[in-house]
Amino acid sequence: MPFLKIVNCMDPILRKKCLKVDNIDETLAQLADNMIDTMYAASGLGLAANQVGVSSDLFVIDVGVQKEKRDPVIIINPVITASDELVMAEEGCLSIPDLFAEINRSQHVEVKGYDLKGNELRYEAEGFLARAFQHEMDHLKGILFWDNLSKVKRSIMQRKFKKKLKEVIA
C-alpha cells in the first residue's frame, strides 16, 4: 500500500477541526489502511487523518508495537465520554519530528467511536494508551501537543522546530 505524506506542524490543515465522517465506505477503509502503513513506516504509535492532509474525523493507533506485537485500532468520529486525574509524561508527534515535551493528560479515559463497519466501539484506556487517544483526538480538533505547554515553552519548541526545518532545507 502507498505511504502517505505526513504534514508538518506548519501546515494549516492541522489547525482546523476535522469534519465528522458521515459515509464509511471503501475509500475511507483504504485511507485507514494507508494511514496504518504510513504510521508503521514512520515508527509512530498513532496518526490522525489531518496529519496526512485529510480533514476527516478518524485516527489510527497502535501501542502494541511497543510490545513488538502489532494491533492497530481505527476509530471514526471518536469522543471522550469520561476521564480522570491528570498525569505528566513525555510526548512527541510525527508532525513535529524529534521534539518532545512533558504534557499533562488524563491517566484514564473512556472513548467511543465507530469502526469501519459502522459498529460502535468503546474503549477504556489507561496510561500510555489513554495518552495516545487524547493526543490523536487533539489533532482532530486542530490542537498540537505543544499547545498544552506554557506560552514560553511553546515558543521555545516552535523556534527549535523552525531551526530544524531550515537545517533540512539547507
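1. The model is predicted: local features need pLDDT of at least 70, side-chain atom pairs count only at pLDDT 80 or more, and totals for chains, interfaces and linings use all residues. Residues are numbered from 1 along each chain as its sequence is written, and side-chain values use heavy atoms, leaving out hydrogens and water.

2. Start with the largest nonpolar core, which has 16 residues. Such a core is a set of buried Ala, Val, Leu, Ile, Met, Phe, Trp, Tyr and Cys residues joined through side-chain atoms within 4.5 Å. Buried means under 20% relative accessible area, exposed over 50%, partly exposed in between (1.4 Å probe, protein chains only). F59, I61, I75, V109 and F133 have the most contacts inside this core. Helix α2 gives the most to it, with five residues. Helices (H or I, at least four residues) and strands (E, at least two) are DSSP runs, numbered from the N terminus.

3. Now the rings. Rings of Phe, Tyr and Trp (its six-membered ring) pair if their centres lie within 6.5 Å; planes under 30 degrees apart count as stacked, over 60 as edge-to-face and the rest as tilted. There are three aromatic pairs. F59 and F133 form a tilted one, with centres 5.9 Å apart and planes at 55°. F59 is in strand β2 and F133 in helix α2, 74 residues apart.

4. Which residues does L144 contact, beyond its neighbours within four places in sequence? They are C9, L14, R15, I96 and H139. Contact means heavy atoms within 4.5 Å. L144 is buried, at 0% relative accessible area.
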